[in-house]
Amino acid sequence: MSRIVHLNGRYLPEDEAKVSVFDRGYLFADGVYEVTAVIDGKLIDFGPHMDRLSRSLGELDMAWPVARDHLREVHEDLIERNGLREGRVYMQVTRGVSERDFAYPTDVSSTLLAFTQAARVTADPKAEAGVKAISIPDIRWKRRDIKSIALLAQCMGKQKAAEAGAYEAWMYEDGYVTEGTSSTSYIVADGCIVTRGLSNVVLPGVTRLAIMRLAAERGMALEERPFTLEEAYASEEAFLTSASALVLPVVEIDGRSIGDGRPGPVARRLRALYLEAALDGSSASMPVDKIRARGD
Ligand code: PLP
């Protein structure tokens with residue numbers, strides 16, 4: 001059965017949804033996106049996803065395609081029309097269709113596309129086994145705080161990971177890990193959860209926001225600072241978070257076992273806490289104004 005997707009106010013079978021070849025998303029990757037997890041037919045952490053979308057749009061002087069409340073309805077309609085119980089909703093906004101010219105056109109309306117993807121989220125076997133990661137240099141642009149649809153560097157990284165039999169590639173720059181190609185990176189060192197602070201060097205993860213809040217509420221030790229690959233190799237635990245993967249233990253990096261090579265207690269606990277909170281419907285808002293322009 002073909003999916004029903006949303007394109008510019010219309011719900012269409014996926015093979016009938018068509019976008020112009022002059023769409024700036026196609027020509028320039030001039031667009032932004034969000035991916036929201038769906039569990040039990042419900043959107044998880046939708047508020048902070050919309051906070052981040054608002055910031056991404058604002059940084060690029062791009063208009064909201066529809067009102068924020070209406071965007072929620074679009075997501076919920078897609079879940080219902082496609083009978084989605086578990087997986088995610090992908091949505092992207094591009095600047096729209098215009099003659100090819102680099103500077104932003106003024107007389108253009110944005111293109112909104114959204115679709116569902118069914119996937120195992122809660123009973124993910126990767127959470128039980130843990131995943132492997134490799135490391136690669138971070139060759140991305142410098143505004144990684146914007147959730148841009150320009151993802152070629154991430155595609156190259158994921159391809160390298162796949163070729164190495166790994167799930168994720170952790171990127172490093174100036175001697176420090178930045179993040180995964182599609183996830184936030186963490187280690188546990190001396191019992192403390194360590195992840196990079198928010199700046200234009202990394203994407204402000206919505207799952208990161210939730211995990212940090214849950215860990216802080218439980219009095220778990222947390223530190224926001226850059227860490228090196230050597231620290232990661234020597235760490236007690238490593239893990240990653242994203243809306244698609246939630247929390248996944250990383251049990252091997254560059255062929256080196258992390259800790260005892262099995263999912264550790266901190267990652268397991270955070271995954272359980274996250275699932276519990278997600279199903280409760282509690283979520284924080286994204287403090288997008290706290291993202292510093294540079295540095296950590
Ligand atoms: N970092 C990058 C580069 C990502 O692409 C993603 C998700 O796609 C994340 C981090 C995790 O963000 P979130 O938790 O909002 O999915």
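Predicted model: local features only at pLDDT ≥ 70, side-chain atom pairs only at ≥ 80, totals over all residues.

Me: Where does the ligand sit?
Reply: Pockets come from a 1 Å grid over the protein atoms alone: a pocket is an open set of points with protein on both sides within 12 Å along at least five of seven lines, while a cavity is a set where a 1.4 Å probe fits but cannot get out, and lining residues have an atom within 4 Å of a point. A molecule sits in one if more than half of its atoms lie within 2 Å of its grid points. By that test, the ligand is in the largest pocket.

Me: Which elements give two or more residues to the shell around the ligand?
Reply: Helices (H or I, at least four residues) and strands (E, at least two) are DSSP runs, numbered from the N terminus. Those giving two or more residues to the shell are β9 (176–180), α6 (206–217) and β13 (237–242).

Me: Which of the 17 residues around the ligand come nearest?
Reply: A residue is near a molecule if one of its heavy atoms lies within 4 Å of it. Of the 17, the nearest are Arg 52, Glu 179, Val 206, Thr 207 and Ala 243.

Me: How far is a polar side-chain atom of Glu 179 from a nitrogen atom of the ligand, and what do Val 206 and Ala 243 bring?
Reply: Val 206 brings a polar backbone atom, 2.8 Å from an oxygen atom of the ligand. Ala 243 has a backbone N or O atom 2.8 Å from a ligand oxygen atom. For Glu 179, the distance from a polar side-chain atom to a ligand nitrogen is 2.7 Å.

Me: What share of the ligand's exposed area does the protein bury?
Reply: Areas come from the Shrake-Rupley method with a 1.4 Å probe. Taken alone, the ligand exposes 380 Å², and the share that the protein buries is 94%.

Me: On to α8: what end-to-end distance do its C-alpha atoms show?
Reply: The expected span of a helix is 1.5 Å times one less than its number of residues. Helix α8 covers residues 265–280, so its 16 residues should span 22 Å. The model agrees, with the end C-alpha atoms apart by 22 Å.

Me: Which residue just after α8 takes a positive phi?
Reply: The phi in question is about 85 degrees. The residue that takes it, just after α8, is Gly 281.

Me: Asp 45 and Asp 174 both have a positive phi without being glycines; is Asp 45 buried or exposed?
Reply: The phi is about 55 degrees at Asp 45 and about 50 degrees at Asp 174. Asp 174, in the loop between β8 (168–173) and β9, counts as exposed at 67% relative accessibility; the cut-offs are under 20% for buried, over 50% for exposed and partly exposed in between (1.4 Å probe, protein chains only). Asp 45 is in the loop between β4 (42–43) and α2 (46–59), and at 8% it counts as buried.

Me: Which side chain does Gln 92 make a polar contact with?
Reply: Gln 92 is in strand β5 (residues 87–94) and is buried, because its relative accessible area is 17%. A polar contact is a pair of N or O atoms within 3.5 Å; within protein, one must be able to donate a hydrogen and the other to accept it, and residues adjacent in sequence count only if both atoms are side-chain atoms. At 2.7 Å, the partner is the side chain of Tyr 90.

Key: Residues numbered from 1 in each chain as written. Heavy atoms only, no water.
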